[in-house]
Amino acid sequence: MASVTADLVTQIQRLAPFGPGNEEPVFEIGPATVSQSLLIGQDKRHTKLQLAAATPVDVLAFNEPKLAPEVPVESTVKVVGTLALNRWQGRVTPQIFYTDLATTGVQITDARTRQLVPKMFQSTATYVVFDDRLRENIDGNAAGQVVSPTTLTATEIVDQQIIIVDCPPQASQLQQLLPQLAAASEVVFWLYTHHQALSTFPPRSQFVGLYQFFQQVQVINVNQQLPAVAAQLHLPQDQIIFMIQVFIEAGFVIIKDGFLKIVSAPMHQDITATNRYQVQVAMQSLYQQLLGLPGHQFMRQVQTWLNHG
């Protein structure tokens with residue numbers, strides 16, 4: 001990378017004009033770390049990568065919009081292309097016109113999914129599963145090893161395809177795991193979870209408002225009246241269902257034969273201490289940090305964790 005200088009490009013350009021019998025030189029540059037990866041141009045059809053160096057070098061890939069998400073920041077790459085000069089605001093810097101590119105080190109594949117089906121486990125890979133019960137269900141039904149992240153061994157990692165089957169309860173657990181996988185050939189992220197993030201997490205005032213509503217009406221046919229309750233309170237149904245689940249765990253309401261009834265003398269309990277509330281808080285955080293990220297941001301995040309933990 002240090003050898004790619006404006007002076008080098010100037011010397012190469014003295015060999016022009018290029019054409020048949022005097023082909024323009026093509027160089028392989030790297031390995032180098034990608035410090036920037038973005039789409040440029042009015043229609044966002046061109047990719048610009050920046051390779052980290054004392055003087056950073058830009059790589060321009062015209063009509064290659066898929067390249068940016070496939071090569072996130074922190075990736076290590078080798079780039080093949082021709083050299084040119086970029087003149088901007090009085091500065092002259094070298095740049096590379098992309099011909100081809102190869103990533104080095106572990107390959108990352110974003111295959112996040114909301115469902116698991118048997119045919120997904122036909123590859124001979126190492127399947128990493130955080131949830132004990134899910135791991136027991138999968139073990140014996142997969143073509144490869146099914147392991148816990150805490151029991152993963154070097155022989156199950158080195159030059160192997162690693163599939164992260166489910167999403168851990170906390171993003172920090174995945175962050176701690178990834179640096180251990182740097183010797184793998186590929187890390188595939190499924191990150192399955194049966195929990196879903198809410199459209200908006202309800203503040204305490206909405207819990208209070210819903211509970212006061214239940215106190216007024218006393219009994220509700222949940223199956224039939226829930227849409228009307230949501231409309232009357234101007235709340236999404238997923239929020240109301242979540243708050244009802246919290247109220248049930250806290251002992252504030254019960255549901256019997258499809259009818260929700262208020263508990264006349266409930267024990268005092270902080271709703272934020274219920275397991276359902278804590279699980280949903282963790283899910284909202286996971287959605288913001290992992291599950292809900294656009295592809296290019298997700299790739300950048302996991303690449304950073306893979307390289308630095």
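Mentor: Leaving aside neighbours within four places in sequence, Pro56 is in contact with Gln50 and Leu51, contact being heavy atoms within 4.5 Å. This is a predicted model, in which local features need pLDDT of at least 70 and side-chain atom pairs count only at pLDDT 80 or more, while totals for chains, interfaces and linings use all residues. Residues are numbered from 1 along each chain as its sequence is written, and side-chain values use heavy atoms, without hydrogens or water.

Pro56 sits in the loop between strand 2 (46-51) and strand 3 (57-61); helices (H or I, at least four residues) and strands (E, at least two) are DSSP runs numbered from the N terminus. Because its relative accessibility is 36%, Pro56 counts as partly exposed, a class lying between buried (under 20% relative accessible area) and exposed (over 50%), with a 1.4 Å probe and protein chains only. From Pro56 to Leu198 the separation is 142 residues in sequence and 42 Å in space, C-alpha to C-alpha.

With a relative accessible area of 43%, Gln107 is partly exposed. Beyond its neighbours within four places in sequence, Gln107 touches Ser185, Glu186 and Val187. Gln107 and Gln161 lie 54 residues apart in sequence and 9.1 Å apart in space, C-alpha to C-alpha.

Backbone geometry comes next. Most residues other than glycine have a negative phi, and most peptide bonds are trans. Asn63, not a glycine, has a positive phi of about 55°; Asn63 belongs to the loop between strand 3 and helix 2 (67-70) and is partly exposed at a relative accessible area of 48%. Glu74 likewise has a positive phi, near 85°, in the loop between helix 2 and strand 4 (76-88). A cis peptide bond joins Ala16 and Pro17, with omega about 5°, and Pro17 falls in the loop between helix 1 (6-13) and strand 1 (27-40). The bond from Gly30 to Pro31 is also cis, with omega near 5°, and Pro31 lies in strand 1.

Gly251, with a positive phi near 80°, follows helix 7.

Strand 12 (residues 253-256) and strand 13 (residues 259-262) pair in the antiparallel sense over four bridges, pairing requiring at least two DSSP bridges between two strands. Val253 has Ile262 of strand 13 as its bridge partner. Two residues separate the strands of this hairpin, where Asp257 takes a positive phi near 55°.

One cavity of 30 Å³ or more is counted, a cavity being a set of points on a 1 Å grid over the protein atoms alone where a 1.4 Å probe fits but cannot get out, with lining residues having an atom within 4 Å of a point. The largest cavity holds about 40 Å³ of space. Its lining consists of Phe214, Ile220, Val222, Leu226, Val229, Ile244 and Leu260.

Notes
1 Å grid on protein atoms, 1.4 Å probe; cavity = no way out; pocket = protein on both sides within 12 Å on 5 of 7 lines; lining within 4 Å. Points joined across faces, edges and corners; volume = space filled by probe spheres on them.
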